[in-house]
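The chain and its model are shown below.

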Amino acid sequence: MPPPSQLAIATSSVSRLLKEEGSYHKELADQEVQVAKLEESIKNGGDNEDGNAEFMLKQNKIALEQTKAVFGPLRERINAAVIKLEDQIGLAEEAGGAEGLDNARKVLEEAKAS
C-alpha cells in the first residue's frame, strides 16, 4: 500500500483539528453547566454535607479556565493546517487533479465556515 499523499495528510490534519475543537466546545459547555449547578447549590445551601462544595467549585472554575485557554493555540494550529491544505490543493490542481481533491475541498470549506 503506498503512503498517503501530502494532500491526504493535510486533509486529515485539518479534519482532526476541527473534531478536536468541537470536542473542546462540548467540554466547555459541560463544564459551564457543572459550575452553574455548583454555584446554585452553594447559594441554596445544599449539597455541602462533606464541606467541600466551595473547593469543588474552585476546582471546576480552574478547569473551565484551562479549557478556555486551549482555544487560542488550537485555532492557530487550525489556521496553519488550513494554509497547508490550501497549498496542497493548489499543487494537486496544477498536477491535473489527485485522488481526494474533492474531500480536501470539502474539509477546507468546513474549516473556513468554523
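Does Leu 74 count as buried or exposed? At 2% relative accessibility, Leu 74 counts as buried, where buried means under 20% relative accessible area, exposed over 50%, and partly exposed in between, with a 1.4 Å probe and protein chains only.

The model is predicted, and local features therefore need pLDDT of at least 70, side-chain atom pairs count only at pLDDT 80 or more, and totals for chains, interfaces and linings use all residues. Residues are numbered from 1 along each chain as its sequence is written, and side-chain values use heavy atoms, with hydrogens and water left out.

**Overall form**

The chain contains 3 helices and 0 strands; helices (H or I, at least four residues) and strands (E, at least two) are DSSP runs numbered from the N terminus. From the N terminus on, the order of elements is α-α-α. The radius of gyration, taken over C-alpha atoms, is 21 Å, well over the 13 Å that the globule rule gives for 114 residues, so the chain is more spread out than a compact globule. That rule is 2.2 Å times the number of residues to the power 0.38. Along the principal axes, the C-alpha atoms fill a box of roughly 70 × 30 × 20 Å. Of the 114 residues, 27% count as buried. Contact means heavy atoms within 4.5 Å; among contacts between residues at least 6 apart in sequence, 74% join residues at least 24 apart.

**Helix H1 and its partners**

Helix H1 (residues 6-44) has 39 residues and reaches 57 Å from its first C-alpha to its last. This is close to the 57 Å expected at 1.5 Å a residue, the expected span being 1.5 Å times one less than the number of residues. The buried residues of H1, including Leu 7, Val 14, Leu 17, Glu 21 and Leu 28, pack against helix H2 (53-94) and helix H3 (101-113). Gly 45 follows H1 and has a positive phi, near 80 degrees.

Leu 74 is found in helix H2. Leaving aside neighbours within four places in sequence, Leu 74 is in contact with Leu 17, Glu 20, Glu 21 and Tyr 24. The C-alpha atoms of Leu 74 and Leu 28, 46 residues apart along the chain, are separated by 14 Å.

**Aromatic pair**

The structure holds 1 aromatic pair. Rings of Phe, Tyr and Trp (its six-membered ring) pair if their centres lie within 6.5 Å; planes under 30 degrees apart count as stacked, over 60 as edge-to-face and the rest as tilted. The ring centres of Tyr 24 and Phe 71 are 6.4 Å apart and the planes stand at 75 degrees, so the pair is edge-to-face. It links distant parts of the chain, with Tyr 24 in helix H1 and Phe 71 in helix H2, 47 residues apart.

The accessibilities of residues discussed above are as follows.

| Residue | Relative accessibility | Class |
|---|---|---|
| Leu 74 | 2% | buried |
| Phe 71 | 15% | buried |
| Tyr 24 | 23% | partly exposed |

**Nonpolar cores**

A nonpolar core is a set of buried Ala, Val, Leu, Ile, Met, Phe, Trp, Tyr and Cys residues joined through side-chain atoms within 4.5 Å. Of the 17 residues in the largest such core, Leu 7, Val 14, Ile 78, Val 82, Leu 85 and Ile 89 touch the most other members. H1, H2 and H3 each supply at least two residues of this core, and the largest share, 7 residues, comes from H2. Apart from it lies another core, of 6 residues, among them Val 35, Leu 38, Leu 57 and Phe 71.
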